[in-house]
Amino acid sequence: VAVRTLLSGDSEVAENILNKYKSFFDSVTKDGKFEFTGIPDSFNAHDGKNVGYPDIASAASIGLVILTYEAQKGEISEYHRMPKPIADWLVTMHKQYNEGGLRRHPQTELERAHPELKFKFAEPNAIVYAFLSAYSKTYKETGVWDRLRGNKSEYEGTAKNIRSWLRETMW
């Protein structure tokens, strides 16, 4: 929804959506330490609490919205600190799952006990690929890499690996 509203020129609705996720980010910052473990795939409509698993597509989508928002505004926004933890979490999940495609959410104990259970889907991985590619290109073109901690080629490499997996396995 946020991307559609941005593309239609309605940044106010997009800002309301981004503010919800910014509040979530703020809630996972404890004693000044940020502990990002993904963005839940759903929230309770009545009390706003998360009710779903952390989901790769939800996280990557929010990252894409922020990159789009900042590109449209032409400036760094109050949401600027959010894409890097998202990108780092996705790269970590990629490593955790022996590269290739990512599962929709972090492995549960049941999935660890039964590796034959594979929950990897094309659409969430395509969204992750789009985000990591855009994140890598955005920061490479703006020269922000010097200020970022982390390895820029890791984002590019993960995106390319996911794209290869999608082409070879899913498409």
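Residues are numbered from 1 along each chain as its sequence is written, and side-chain values use heavy atoms, with hydrogens and water left out. Because the model is predicted, local features need pLDDT of at least 70 and side-chain atom pairs count only at pLDDT 80 or more, while totals for chains, interfaces and linings use all residues.

**The chain as a whole**

The protein chain has seven helices and two strands, where helices (H or I, at least four residues) and strands (E, at least two) are DSSP runs numbered from the N terminus. Along the sequence these elements follow the pattern α-α-β-β-α-α-α-α-α. Of the 171 residues in the protein chain, 40% are buried; buried means under 20% relative accessible area, exposed means over 50%, and partly exposed lies in between, with a 1.4 Å probe and protein chains only. The accessible surface of the protein chain comes to about 9600 Å², and 50% of this belongs to carbon and sulfur atoms, the areas being computed by the Shrake-Rupley method with a 1.4 Å probe. Among the contacts in the protein chain with a separation of 6 or more, 57% come from residues 24 or more positions apart, a contact being defined by heavy atoms within 4.5 Å.

**Helices α3 and α4**

Helices α3 and α4 pack at an angle of about 145°, and their axes are 9 Å apart; axes are lines fitted to C-alpha atoms, for helices over the stretch in contact, and angles run from 0 to 180 degrees between N-to-C directions. The crossing of α3 with α4 is left-handed, a term used if the near helix is turned anticlockwise from the far one by less than a right angle. On the α3 side I56, A59, A60, I62, G63 and I66 take part, and they meet P83, I86, W89, L90 and M93 in α4. The residues of this contact divide into ten nonpolar, one polar and no charged, where Ala, Val, Leu, Ile, Met, Phe, Trp, Tyr, Cys and Pro count as nonpolar, Asp, Glu, Lys and Arg as charged, and the others, Gly among them, as polar.

**Aromatic pairs**

The structure holds three aromatic pairs, in which rings of Phe, Tyr and Trp (its six-membered ring) have centres within 6.5 Å, with planes under 30 degrees apart counted as stacked, over 60 as edge-to-face and the rest as tilted. Two of the pairs are set out here.

| Pair | Centre to centre | Angle between planes | Class |
|---|---|---|---|
| Y69 and Y79 | 5.5 Å | 75° | edge-to-face |
| F131 and Y135 | 5.7 Å | 35° | tilted |

Y69 lies in helix α3 (residues 56-73) and Y79 in the loop between α3 and α4 (83-96), so their pair ties together parts that are ten residues apart in sequence. The C-alpha atoms of Y79 and Y69 are separated by 9.2 Å. Y69 is buried, and Y79 is also buried, with a relative accessible area of 1%. Not counting residues up to four places away in sequence, Y79 touches E15, L18, N19, K22, I66, Y69 and E70.

F131 and Y135 are four residues apart in helix α6 (residues 122-142), and therefore they are separated by about one helical turn. F131 counts as buried because its relative accessibility is 0%, and Y135 counts as buried at 1%. Ring pairs link F131, Y135 and Y155 into a cluster.

A130 is also found in helix α6, but A130 counts as partly exposed at 30% relative accessibility.
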